[in-house]
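Here is a short briefing to read alongside the model. Have the viewer open and follow along as we go from one contact to the wider picture.

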Amino acid sequence: MNRTLKRTYFLGAAVAALVAGGAQAQQLTIAGPWIGTDEEQVQAVLDVFREQSGVDARYVGSDSFEQQIVVDAEAGSAPNVAVFPQPGLAADMASRGFLTPLADGTADWVRDNYAAGQSWVDLGTYAGQDGADHLYGFFYKVDVKSLVWYVPENFEDAGYEVPESMEELKALTDQIVADGETPWCIGLGSGGATGWPATDWVEDLLLRTQSPDVYDQWVSNEIPFDDPRIVEAIEEFGWFARNDDYVAGGAGAVASTDFRDSPKGLFASPPQCYMHRQASFIPAFFPEGTEVGVDADFFYFPSYAEKDLGNPVLGAGTLWAITNDSPEAHQLIEFLKTPEAHEAWMKQKGFLTPHKGVNPDAFGDPTLRKMNDILLGATTFRFDGSDLMPGGVGAGSFWTGMVDYAGGEDAAMVAGKIQDSWDGLK
Amino acid sequence: MDNIAGSKSSLTWAVHISVALLVALWLFPTVGLFVSSFRTADQISSSGWWASMFAAEQNEVYRTADPDGTRVADGDMFVVSGNIFEAGLEGRSISRWGTSSRDVSAYAVGETADMGDGETMVLEADGSYEWRGTDDQISGRGQRIFATVTAPPDFTTENYETVLLSGNNTDNMAKAFYSTLTVTIPATIIPIVIAAFAAYALAWMDFPGRALLIACVVGLLVVPLQLALIPLLKLHLGIGIGKGYLGVWLAHTGFGLPLAIYLLRNYMVGLPRDIIENAKVDGATDFQIFTKIILPLSFPALASFAIFQFLWTWNDLLVARVFLIDSSGTTTVMTSQIVELLGTRGGNWEILATAAFVSIAVPLVVFFAMQRYLVRGLLAGSVK
């Protein structure tokens, strides 16, 4: 009797599973890399969309999104819309025919309504399976990377001023050392991605020592990695990171300190360091109860006053692309163009936008507004170069090369090795 | 004569010490994880778990109350007083303190700190302070106080509350628990049922090609399941199963079968031939032999495979991600839920430690309930 009962249960469950798989009316599925609090925030944005359109939009976040989306696309079970954390993967999927081009006119809209519009169009345009270029990705939610974090009260206690130029920043670094303290906290550790914070340093410093053209040609490898100009930028990073006096724990600790732990030195008693260069997301790793804007603040990673290169800003962003075509997916992209979509997340935390039509008063947090001003005031905006390089370099040899460099290897040799690995991919 | 069974070896003490050392070695990381699960993220990043069990001296930053709301006029001066230790931090005592990040241990307790222009601060060992100054000085934010504090051990159950009760998607931990059971129980029973039949056939029924079939099963043992993920998912989508419980049961069944058949077949082959031949002589059919003789005798092997399969499906993330979790967001499993609790950049060690203990609770119960069969089952087929 028991066995019959069990059999009925299994049969019932199997039928239920089959039925559940079949019913999908007016449903829009979205997959992305955001989990935890980020997921709650994107849900709040989608709530607005659900209300406006009546579409049952469902977002599922995954920390292994990059692998998951490839598996799903290959098997044919992709969600309608995917949120890519970096353009490289989207370009790859577009070339294999997994993405649907956005509606005509979207490119013109981005060009007209985003600050530095053309660069956002270029970043979202890839060659499709047919070889022709289309706009596949719509940028929504941007991070600014050119920020230096500090504790205003520590600066006050020591009598330091926020530097306005790279010369002043270097002078301040020396002064802190002269006062017997340690100026910087730098940590490159990030599990399998160890080394990426150093790539941001090098990119930021390249934009401050060379023109944006050099940066673009470097990213596309028209200028080789071991070009003297690139090596110079790597050595600039070494000026900060390879000096035992400049870095908390000494230069040897740079590669082994986790990037999530390194900002905590700012808040230690007594302070282990005074400055930390990291992107706009880093307050998530500040000690509990830290109030950004009061307990901790940031300033723009300054450019050289003597070099006439303007105020370059390095950033990153997430792009939304259609992985499984449906009218609702296009409806969602249309929604993302509206200021309401941007303001819905601006009200919360950790969101910056290049959209020129939004009301800046919508920012729920004055520091976000200050960051967004840095973004909108940029004379040059460049996307994180390592995200644009081929995966084997930008998420491989560039990372490991920077770890080697931080460990004491010669800059030209490291750059040569990275170039070799790039050549190997061609 | 030391080695005669029954007499004690003179080296017993060495055996005991090595066993104790090995047990300590194995338990050490687990204990660390367990202690960490009761600490906050800031505690974990500032000191090791071994330091958490004793009163420790540490440098901390505190802040006085916000002057604008709490200051009291005293002549032409203003005074803010209170205690830097909030509720829950009692039992701490201060040895040295300071008001500037440049000199965090400038003063002894009870000493009056001169902060310039007549602004003063007094801090006692129990954390009570008196901050005195002019209208201008006592305004804005509370003054920072850097204190060298001796703190008693401090543990919290907050992490368990986060994981079990108030995580990001409140009801999901319970939901994830039940859907993990929904995945795990059928995914354990189905392969056992199929494998038991197959093992009997391969062990005791004579048919041509039997040896070749056994060789195939052994061969399948070495095929990594990752190879089959995408083709199998394509097949599921093609025949209409899609992503869901049925798909994940089938996948777990398929991936578990080679080991199950191999293990059970080797055990069944070792059963005494006489019993089975006697039953045949008495007129029993193969099905009767299987249900009345083989199954009861194979219980240790069945139980030990059940433990293997249960643990593997319970801890599985990969197969569930591929075959179960679709983008509608209605299905999830514990492992996936725990990964999500770690946050977008995965830095929450306290959640990781806690989640590890929550998720091993059920496997531990299963293991201890069935472990006496495990050793017997592990020997399956090794002695004839």
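Let's start with one pair: B:R102 and A:E181 join their side chains in a salt bridge, with N and O 3.4 Å apart; the term means a side-chain nitrogen of Lys or Arg within 4 Å of a carboxyl oxygen of Asp or Glu. This is a predicted model, in which local features need pLDDT of at least 70 and side-chain atom pairs count only at pLDDT 80 or more, while totals for chains, interfaces and linings use all residues. Residues are numbered from 1 along each chain as its sequence is written, chains are lettered from A and ligands numbered from 1 in the order in which they are written, and side-chain values use heavy atoms, leaving out hydrogens and water.

**Where chain A meets chain B**

- The rule finds eight salt bridges across this interface.
- It also finds 14 residue pairs in polar contact, both residues at pLDDT 80 or more; such a contact is a pair of N or O atoms within 3.5 Å, where within protein one must be able to donate a hydrogen and the other to accept it, and residues adjacent in sequence count only if both atoms are side-chain atoms.
- On the side of chain A that touches chain B, there are 23 nonpolar, twelve polar and 17 charged residues; Asp, Glu, Lys and Arg count as charged, Ala, Val, Leu, Ile, Met, Phe, Trp, Tyr, Cys and Pro as nonpolar, and the others, Gly among them, as polar.
- In total, 52 residues of chain A are in contact with 42 of chain B, contact meaning heavy atoms within 4.5 Å.
- Chains A and B bury about 4,000 Å² between them, with 53% from carbon and sulfur atoms; buried area is the accessible area (1.4 Å probe) that two parts lose on being put together, summed over both.

**Two domains in chain A**

- Domain 1 of chain A covers 24-144 + 316-379, and domain 2 covers 147-313 + 385-425; these bounds come from an automatic or database domain assignment.
- Between them, the two domains of chain A bury about 1,300 Å², 67% of it on carbon and sulfur atoms.
- A:V144, A:M371 and A:I374 supply 36% of the area that domain 1 buries against domain 2, more than any other three residues.
- One salt bridge is counted between these domains.
- A:D297 and A:K370 form a salt bridge, their closest N and O atoms 3.2 Å apart.
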